[in-house]
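This report describes the domain layout, sheets, contacts and backbone features of one protein model. The sequence and structure are shown first.

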Amino acid sequence: MTDRLPPLHDAHDERGAKFTDFGGWQMPVEFDSIRTEHAAVRESVGVFDVSHMGEIEVSGPDATELLNRLTTNDVRALDPGDSQYAAITNEDGVMLDDTVVYRLPDGTAAGEGAASLADLDATRDGDLDAPSGDPAYLFVPNAGHDGQMYDRWTAHRDEWGLDATVANATDDWAMLAVQGPDAADALDEATPGDRVVGLSKFEAAAAAVAGTESWVARTGYTGEDGFEVMCPADAAESVWAAFADAPLEAQPCGLGARDTLRTEMGYLLSGQDFDPESEPRTPHEARIGFVVELDTEFVGRDALEAQKEEGVDEKFVGVRLRERGVPRNGYAVTDGDLTRVGKLTSGTMSPTLDEPIGLGYLHESYADAGTEVSVVVRGDEKRAEVVVPPFLDR
């Protein structure tokens, strides 16, 4: 796959960032050190470039029906300015991706990309419920999935004869994540007069961030309070500088810290903790059954209803090692007597706990918190116990 460069690539290079390929994108993995960046998010504030995430805009008379048929949650519950977490599943209920769906102000036109931010000024008026046109949505696929999801949405739209406009606007947007206990203070400084710090969790609104019209949501992937800022790609450097430079000086953070932070919280990583080919899992196996709304007729609904009734053979859990060793993706989990009972999909040395932790799928009879198991590290069984994520109380 050809490497895609985020709008901030040159700015990161000038800061001395180390880069890695992720989902076909060249992204910063660290600026200073993973531990330094991780600690900043847990203790103060860090800023991430997450422009590798996709942005698909959907609008039109049948936009709500199209989203409801292709995501597992119920977008009918969203008012303009709301968002929700959801899975995207195939006919067997296996997750193709997970996503956040945003309800934009009605009448926002898909296909204009970040230019449509001009339409989002309605979110400042407090009159979000007043109909002003067709429903409009933005959903965020994971890195490298934007083309696949655009094709999926347009193919099903045409197959079902629905009236909706679908646009892949990934290249039009930049996306930053401002995370940590001091994130609200940082946003307050960067958005004078817009008061986005008043947003509740999973609410979003238009705001001028460092003078740039942006879409700001109180969401994140770290377990800390935080905001995700979507702005036009050509304004990304000024928005990034507003947080990373004086006077705010939020710690620039790379994907390395993002991974350790999300692992401590037990958050899923698409392509690793689930993947339709290498790690086919359903929302029920992955412990996100709360995003499955069976009152809607989405692709995979019947399979997931049956699985909910029958139960699952394996569940997504955490493990904490009681001996030295670092758990990694693919490591076997045993009963301590060489009988395999599952495997890990993620693992790291927790910077916060200073303990080796991992995530993965275990047979349901071993999935209760406190169950004693072992993780095979370089051929040796290391004593461990099962933890129901998160590892941290947040």
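Domain bounds are those of an automatic or database domain assignment. On that basis the chain is divided into domain 1 (8-53 + 171-264), domain 2 (56-168) and domain 3 (313-393). The model is predicted: local features need pLDDT of at least 70, side-chain atom pairs count only at pLDDT 80 or more, and totals for chains, interfaces and linings use all residues. Residues are numbered from 1 along each chain as its sequence is written, and side-chain values use heavy atoms, with hydrogens and water left out.

**Sheets**

Helices (H or I, at least four residues) and strands (E, at least two) are DSSP runs, numbered from the N terminus. Two strands pair if DSSP finds at least two bridges between them.

An open sheet of five strands has the order β5-β6-β7-β4-β8, with antiparallel pairing. Because β5 (83-89) and β8 (165-168) stand at the edges with a single partner strand each, one side of each has no neighbour in the sheet. From one strand to the next, the twist averages 25 degrees; axes are lines fitted to C-alpha atoms, for helices over the stretch in contact, and angles run from 0 to 180 degrees between N-to-C directions. β5 and β6 (residues 95-104) run antiparallel and are joined by seven bridges. Glutamine 84 has valine 101, in β6, as its bridge partner. Helix α4 (residues 146-160) lies across β4 (56-59), β5, β6, β7 (136-140) and β8, and runs at about 165 degrees to β8.

A barrel is closed by six strands in the order β14-β17-β16-β15-β18-β19, again with antiparallel pairing. Neighbouring strands of this sheet are turned against each other by 45 degrees on average, direction ignored. Strands β16 (residues 340-350) and β17 (residues 355-363) run antiparallel, joined by eight bridges. Glycine 347 has glycine 358, in β17, as its bridge partner.

**Interface of domain 1 and domain 2**

The centres of domain 1 and domain 2, taken over C-alpha atoms, are separated by 23 Å. Contact (heavy atoms within 4.5 Å) links 23 residues of domain 1 with 24 residues of domain 2. The size of an interface is often given as the accessible area lost when the parts come together. Here the two domains bury about 1,800 Å² between them, 62% of it on carbon and sulfur atoms; buried area is the accessible area (1.4 Å probe) that two parts lose on being put together, summed over both. Trp173, Phe202 and Trp215 of domain 1 lose the most area to domain 2, together 34% of what that side buries.

A salt bridge is a side-chain nitrogen of Lys or Arg within 4 Å of a carboxyl oxygen of Asp or Glu, and the count between domain 1 and domain 2 is zero. Three residue pairs, both at pLDDT 80 or more, are in polar contact across the interface. A polar contact is a pair of N or O atoms within 3.5 Å; within protein, one must be able to donate a hydrogen and the other to accept it, and residues adjacent in sequence count only if both atoms are side-chain atoms. β10 (204-209), β11 (212-217) and β12 (226-232) are the elements that give two or more residues to the side of domain 1 that touches domain 2. β10 gives the largest share of that side, five residues.

**Salt bridges and backbone features**

By the rule above, the count comes to 26 salt bridges. One of them joins the side chains of arginine 394 and glutamate 224 (2.5 Å, N to O). Arginine 394 lies in the segment after β19 (380-387) and glutamate 224 in the loop between β11 and β12, so the pair ties together parts 170 residues apart in sequence.

Most residues other than glycine have a negative phi, and most peptide bonds are trans.

| Cis peptide bond | Omega |
|---|---|
| alanine 246 and proline 247 | about 5 degrees |
| proline 389 and proline 390 | about 10 degrees |

Phenylalanine 202, a residue other than glycine, has a positive phi, near 70 degrees. Phenylalanine 202 is placed in the loop between α5 (183-190) and β10.
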